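Please look at the structure before reading on.

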Amino acid sequence: MKNHNLFLTSNYRYRLPELNLKKLILSLIVLLSFVHVAAQNNINISGTVVDDQGEAVIGASVVAQKSKNGTITDVEGNFKLSVRSNDVLTISFIGYITQTVPVSGKNNIVVTLKENSMLLDEVVVTGFGLAQKKASVTGAISSVGAQELAHAKSVTATGALVGKLPGVNFRQDNGRPGAAPNIQIRNMGTPLIIIDGVQKDSGNLNNLDFNDIESVSVLKDASAAIYGMQAANGVVVITTKRGQKNQKLKVNVNGYYGWQLPSNYPKPASAEDYLAAIIQTETINGTPRTVTKEEYQKWVDKVDEDHTSFDWYKYIWVSAPQSYVNANVSGGTEKVRYYLSLGHIDQEGNIRGFNGFNRTNMQSNIDIDITNRFKVGVAINGRIETTDNPGLPGDDYNLPIYGAYNNLPTKKPYANNNPKYPAISAPWAQDSFGWMNYEHAGRYKDQWKVIQINGTAEYEILKGLKARGLFSYWLANRRQSNREYSYKFYEYDKEGDVYNVVETGTARYTERSMEMKEELTSNIQLSYENTFALHHVNAVVGFEAKKGTYPRMYALGNPPANGIPYIDKTSLSNFTDGIGNPQTRMGYIGRLNYDYANKYIIELSGRYDGSYRYKRGKRWGFFPSASIGYRVTEEKFWQAVDFLKDNITNLKIRASYGVLGEELGTALSHIVGYNYNSGGAVIDGGLVTGSTVTGLATDNITWGKSKILNIGIDLGFLDNRLNASFDYFNRDQTGLLASRYDVQIPEEVGFSLPQENLNSNYARGFDASVNWRDRIGDVNYTVGGNVTYSRWYVGDRYKPRFSSEWQKFRYQAGNIKGRYTDVEFSLVSDGQFQSWEEIANHPVD
């Protein structure tokens, strides 16, 4: 085209040969068409892809829809591409909304990608200073964000997680106020809990305010190896909410009020059914009648109030209110960010007259940028929780729960319906519900006051090279007080209008328990993250130490009267002073993440961990892991196929293998000790307190190990609105404790052989999940489900022996390699007889 224009505007004159005019015109048309097509195929464009903050988006995919050419952005977010002048570019990156931009002949294009609000959980936090994009995660990690927890109605944070995390199992064995479900990862036992980078127990997770949680990540496979010998059952990582930079003041108030109703409990028998059963039993056994026909008919006809069946189920179980409110404020400037929260929950008991449970939570997270390189933060978490119910013998809740069935439908709770005078209404007087209240039984109160203070600091030494530290102090004060009165039951004398005592108990108890728990945690890290062209590296090394003391003081007294609230030396029957020896653990951590073009991913991690439990020389263990991932959808051949590019937006294949540690045994088992105040003897006329040997010391106990293999696949469809994942896992658990039976010691020594790391088990299983996330207008919604299957098998046993094949099959299944663990044999029911005719006609073997 340039030469053509030069020819038309030149001052030189050329003499053209004589040509056929028609041929000349056709030749010119062909030439111009060729030049136009050449121009379409030879436009070179450049551009930049940035996010909302103007930061470069590294590794974003840029594909021309017509020419099918594609590339990815470099470390500065720049790209170059040869396209047609009328082409359309598709720019995509995980975690951002895909955009299409027409070229329209432009040579330079700037594209701003907006974060996809449906994928805000794409950053997975796995601990203090440990976070990565979900796209680059190669381990089996499940996560859930604040939006999915905000609508929970659970009393506990653990309850708010139920059903939201594949591979995580929840079992709640009771509905008492404040009770939380037990959490297990892949049916492997109680996991390690990490809250804002600090190791805690499940009780601290249970009693967090779920509205203060920003994200929950569950490490299900060898990715948990970085937490060492306490991570064999997996790790649950909790991150609380924080303010954002340049965020306007935001105030949120959440609350609800509702009622709890008991369900799925079997209904007890009515008076008519109860008396009919007595008559049938006496008929079959040929014993004298205790219920006459006339008396039975009075109950059937309900002739008066004294012959009307009493519904103990309806009386004992009541609907109970539950209320919750949380208010939080958050915001930030260029230098300071803050999040402040206060919440309260109140759950009354479903047992008549039981107060229940209440808890007040406080959370304060403040982050300050001292300079552009130096940042500090302070996080304070506190709570006060109280459980309050009548003080009863044994289990305070089991007694009234069973009372719904133990109390007779022919009896009522009070003599003459007067609540001041409990009546005997059960075969065993203590089961009578009339005295199970604060006035007649006493009071049990359990109160926790807990505070945790975390201080963090981070300094950027060089670009990408950061030093950070975490220092945490946790203090928990627990006070339990229990008073159990002796019972007294009455009957009413109508003629004399008096209440007579018919039975009196003598047992009275006053209990006091006080605990003051302290934990100190420190975590020092050095991290480096950088991108070199298409190579991304993230490395972390660090040191973690934890020290805890858990002293406890317990006193039990038997006061001479119900009205005496204190314990003195005359009533003291038991006193325990648990001095709380320090428990210390230390570990050195390291992790390296590498990915090429956000496509080929490798992660190596390890922890060298030590525990106070074991003998010198066996206290330390190294727990490594490795994982790889391959994001097929980032390949050019995938992006070149419209159907694949438009419909399957994420396909990642991953695998991991590692060794996790398990703390086994008890402290100081390698030392011979003595149990003081165990027995005694009379010497020279005086009682001498005795001591017994704790047992043989052993040098053969150290940490157990779990070797975990995980193979998984992640899929995303339709711009990641539909997501699915599948994982297969295999866990070999070695070093389980057992004692040898073929080494004999004299019975006279009074103790048996110590345990050693002798046995093993293994587990196989899978978990899978499918989720659909989308938006209709301003409404976000999620629909999903997950499934987990996990089965434990018997591994190696120390020299198993069997007396017979029948014994081996029936009673020793737990010692046969390859059999299920926890095997139980029981008869299978054919059903229940429905009539006397069925009983009479049933064949007898």
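Across the whole structure, a search finds 33 salt bridges, where a salt bridge is a side-chain nitrogen of Lys or Arg within 4 Å of a carboxyl oxygen of Asp or Glu. Side chains of opposite charge can pair when their charged atoms come close. The structure is a predicted model, in which local features need pLDDT of at least 70 and side-chain atom pairs count only at pLDDT 80 or more, while totals for chains, interfaces and linings use all residues. Residues are numbered from 1 along each chain as its sequence is written, and side-chain values use heavy atoms, with hydrogens and water left out.

| Lys 302 | Glu 272 | 3.3 Å |

The salt bridge between Lys 302 and Glu 272 links distant parts of the chain, 30 residues apart. Lys 302 is in the loop between helix H7 (293–301) and helix H8 (312–316), and Glu 272 is in helix H6 (residues 271–285). Helices (H or I, at least four residues) and strands (E, at least two) are DSSP runs, numbered from the N terminus. Lys 302 counts as partly exposed because its relative accessibility is 42%, whereas Glu 272, at 17%, is buried. Buried means under 20% relative accessible area, exposed over 50%, and partly exposed in between (1.4 Å probe, protein chains only).

Because Arg 740 lies in the loop between E37 and strand E38 (756–776) and Glu 756 in strand E38, the pair ties together parts 16 residues apart in sequence. Arg 740 is partly exposed, with a relative accessible area of 30%; Glu 756 counts as buried at 10%.

Salt bridges also form a network, which links Asp 446, Arg 478, Glu 515 and Lys 517. One of its members, Asp 446, lies in strand E22 (residues 442–462) and is buried, with a relative accessible area of 8%. The side chain of Asp 446 makes a polar contact with the side chain of Arg 478 at 2.7 Å and another with the side chain of Tyr 444 at 3.5 Å. A polar contact is a pair of N or O atoms within 3.5 Å; within protein, one must be able to donate a hydrogen and the other to accept it, and residues adjacent in sequence count only if both atoms are side-chain atoms. Leaving aside residues up to four places away in sequence, Asp 446 touches Glu 385, Thr 386, Thr 387, Arg 478, Arg 479 and Gln 480. Contact means heavy atoms within 4.5 Å.

Another buried residue is Ala 415, with a relative accessible area of 5%. Ala 415 is found in the loop between helix H9 (398–406) and helix H10 (438–441). Not counting residues up to four places away in sequence, the residues that Ala 415 touches include Tyr 421, Tyr 490, Tyr 492 and Tyr 499. Ala 415 and Gly 785 are 370 residues apart in sequence, and their C-alpha atoms are 54 Å apart in space.

The surface has a nonpolar patch of about 1,100 Å², and among its residues are Phe 726, Tyr 728, Trp 806 and Tyr 820. Patches are made of residues with over 30% relative accessible area and no salt bridge: like charges are joined within 9 Å, nonpolar side chains (Val, Leu, Ile, Met, Phe, Trp, Tyr) within 5 Å. Strand E37 (722–738), strand E39 (779–794) and helix H13 (805–810) each supply at least two residues of the patch. Tyr 820 is found in the loop between H13 and helix H14 (836–841) and counts as partly exposed at 38% relative accessibility.

The protein chain as a whole has 14 helices and 39 strands. Of its 845 residues, 43% count as buried. The C-alpha atoms fill a box of roughly 145 × 75 × 65 Å, taken along the principal axes.

Definitions and conventions
Areas by Shrake-Rupley, 256 points an atom, 1.4 Å probe, with all protein chains shown as cover.
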